[in-house]
Amino acid sequence: DCLAGTPEDLQLDLSALDNTSPQCKAAQALNNFDVSAEYIKKLKQDLDAHTFEVFRLAENRNRVQSCLSDMIRTSQEFEKIAASTADHVALRLMPRLKPSVDVVQALSFDLSDAVYASREAEDTWLSDFLSKLEDALGWVQPLLTAQNYEHLVHSVLGQVDQALLPGPRGVSQMSRTLSKSRCPGPVPPWG
């Protein structure tokens, strides 16, 4: 929860962040799961390469391979923990983004692509939403690995998409627009 919100919401002085702050400790734990999962995969790959050199008998190689497969399960568990933590942070951020989501949900008419495109230039909901997203996530970017930050941004956008699913036709258009817009941090286009 200490990563969910803006520095103002959390009454956080960014210049005072150090390795002992709850935010840094939470980010470090999340990053450790991410990095450890990758290291485990690499270690398994390296050990696989040497298994045939070191163990000549098929029976011994099979036992080693069985142990090495456990490493992959551990790596997958670490990835799940990192992903579920990012999903939890995203869920906790949704109340902050709700006013922007409510603006889109209030659209009660069917827009053609052309009308939607013209309104997009005039309406400020997208820039307001991206500004709130930047406020909520921008400060945490330097604390997280690129993969964790990317997952967090995608999870927030997934939560927004879920909140808008029963809404108007503009929702799918909004998803396309968001995917083409500049999101905070190094998140590649996914639309």
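What percentage of the 191 residues of the protein chain count as buried? In this predicted model, where local features need pLDDT of at least 70 and side-chain atom pairs count only at pLDDT 80 or more, totals for chains, interfaces and linings use all residues. Residues are numbered from 1 along each chain as its sequence is written, and side-chain values use heavy atoms, with hydrogens and water left out. The answer is 35%, buried meaning under 20% relative accessible area, exposed over 50% and partly exposed in between (1.4 Å probe, protein chains only).

The protein chain holds six helices and zero strands, helices being DSSP runs of H or I with at least four residues and strands runs of E with at least two, numbered from the N terminus.

Now to one helix pair. The axes of α2 (residues 58-105) and α5 (residues 146-164) come within 7 Å and cross at roughly 45°; axes are lines fitted to C-alpha atoms, for helices over the stretch in contact, and angles run from 0 to 180 degrees between N-to-C directions. The two helices are therefore oblique to each other, as angles under 35 degrees count as roughly parallel, over 145 as roughly antiparallel, 65 to 115 as roughly perpendicular and the rest as oblique.

Then there are the rings. The structure has one aromatic pair, with ring centres of Phe, Tyr or Trp (its six-membered ring) within 6.5 Å. Phe33 and Phe78 have their ring centres 5.3 Å apart and their planes at 80°, so the pair is edge-to-face (over 60 degrees; under 30 is stacked and the rest tilted). Phe33 sits in α1 (residues 22-54) and Phe78 in α2, so the pair ties together parts 45 residues apart in sequence. Phe33 is partly exposed at 28% relative accessible area, and Phe78 is partly exposed at 23%.
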